[in-house]
Amino acid sequence: MKIRTTRALQCSTALAAAGLLVTACGSSGDGGAGASAGSTSFQGRGPITYVAGKDTSGVVPKVIDRWNRLHPKEKVTFIQLPTDADSQRQQMIQNAETKSDAYTVLSLDVVWTSEFAAHQWIDRLPEKQFPLRTMLKPVVETAKYRGNLYAAPASSDGGLLYYRTDLLKKAGVTRPPATWSEMTADCAKVKKLPEAKGMSCYAGQFQKYEGLTVNFAEAVNSAGGVVTDANGRPHVDTPEAKKGLDFLAGSVKDGTIPKEAVTYQEEDGRQAFQSGKLIFLRNWPYVYALAEKSKAAGKFAVAPLPGLNGPGSSSLGGHNLALSSFAKNKATALDFMKFFSSEDSAGTFLRDASLAPPYTDLYDNASLVKQYPYLPVLKQSILRAVPRPRVVQYGDVTSAIQQETYAALTGSKSSTQALKDLQNDLQHATAQ
Ligand code: GLC
């Protein structure tokens, strides 16, 4: 993806030369993005739109209707984009590049904050008007760019290991696996059961899209490696990263991961797990509420992701609410963002759709923990989660990761070669 404005290009080039790869322009409240966004006056009232990926859980209209009943002259229309993150990003960028006012409030994936803020596609938000202190700190960080708030944390996401409790129990396995080798050993035991006939061991999101970046980063981090260091510099040409990628590529090769999983996004894996095709599945919390309504109900639980030598680490996911710089009716938009990201709304999203809330105390709420016993596990998963590279050039970074990981998974490159090529690509992308 080579979409960027001339000004942002100049800024990131200058900063790259200074070694500040994770940042671009608009550093202080007085210059660049900070000045224009900081001076946003949030004026105008009237109808607006809320733009997000497809609402698989069906809970969004319920919350929007609540707003619309209370604000008949400031109605919100819900625009649903495709399910996959890359298509959502493309459409949001197109909207920004044409300076269209069609999109008002954007449900922005946590990995896009830097890119959208640096290009001045979204407005800086008044920090004091959002209850950030009551939220999990890593989640709040995802909404900031160069120390300023550009989005309101709405839902977080941490990867979880879904597993079939009924089958593990029957096979004599008493606790979920903490390591990849325990997981494959458990699968071997379960597969001996007649009811596991035709089942596969494990899947995640392995189609060539953002989900693959998530799963690659988790594999690398869970083997003790990093994708980028604290300064945004790539380090994937390492023995640790190789162990992570080898786990994925080796699992496809030996059938631990079924071949068709290289076409899986989140929803495909969920369907496969719910219909009894998988023993283990890596997926996000939203799956829990849907699976509880499926024929897998009562037969599954969730655990932390496994890793090479012990529990693994999740990639930090989630969505925040950002305000398109080109939108009209920004006073309405700001109010709607406060409403939609409030603890009350987060409670509805959690209760109805098991979305991970940004609010700390919802994870410790007794009745919610009764409904979703995994909440303490999820909280830890989010607190320990590793953010994907926080770079302005995120589009280039993620497409390089997708390209090389996919080549290794499908056997067209060795993992050593894929990581070597990826290191070069990432060095190039982050040095632009
Ligand atoms: C989820 C996560 C998001 C991630 C996407 C990848 O929606 O919340 O952060 O990028 O999955 O498919």
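These exercises, with worked solutions, concern aromatic pairs and strand pairing in a predicted model.

Residues are numbered from 1 along each chain as its sequence is written. Local features need pLDDT of at least 70, side-chain atom pairs count only at pLDDT 80 or more, and totals for chains, interfaces and linings use all residues, while side-chain values use heavy atoms, without hydrogens and water.

**Exercise 1.** Classify the ring pair of Tyr 145 and Tyr 150.

Solution. Rings of Phe, Tyr and Trp (its six-membered ring) pair if their centres lie within 6.5 Å; planes under 30 degrees apart are stacked, over 60 edge-to-face, the rest tilted. A search of the whole structure finds 20 aromatic pairs. For Tyr 145 and Tyr 150 the centres are 6.1 Å apart and the planes are at 70 degrees, so the pair is edge-to-face.

**Exercise 2.** Classify the ring pair of Tyr 202 and Phe 247, and state which elements hold the two residues.

Solution. The centres are 6.1 Å apart and the planes at 45 degrees, so this pair is tilted. Tyr 202 lies in strand β8 (residues 200-203) and Phe 247 in helix α10 (residues 239-253), so the pair ties together parts that are 45 residues apart in sequence. Helices (H or I, at least four residues) and strands (E, at least two) are DSSP runs, numbered from the N terminus.

**Exercise 3.** Find how many bridges join β6 to β11.

Solution. Two strands pair if DSSP finds at least two bridges between them. Strand β6 (residues 152-158) and β11 run antiparallel, joined by six bridges. Within β11, Asn 320 is the bridge partner of Pro 153.
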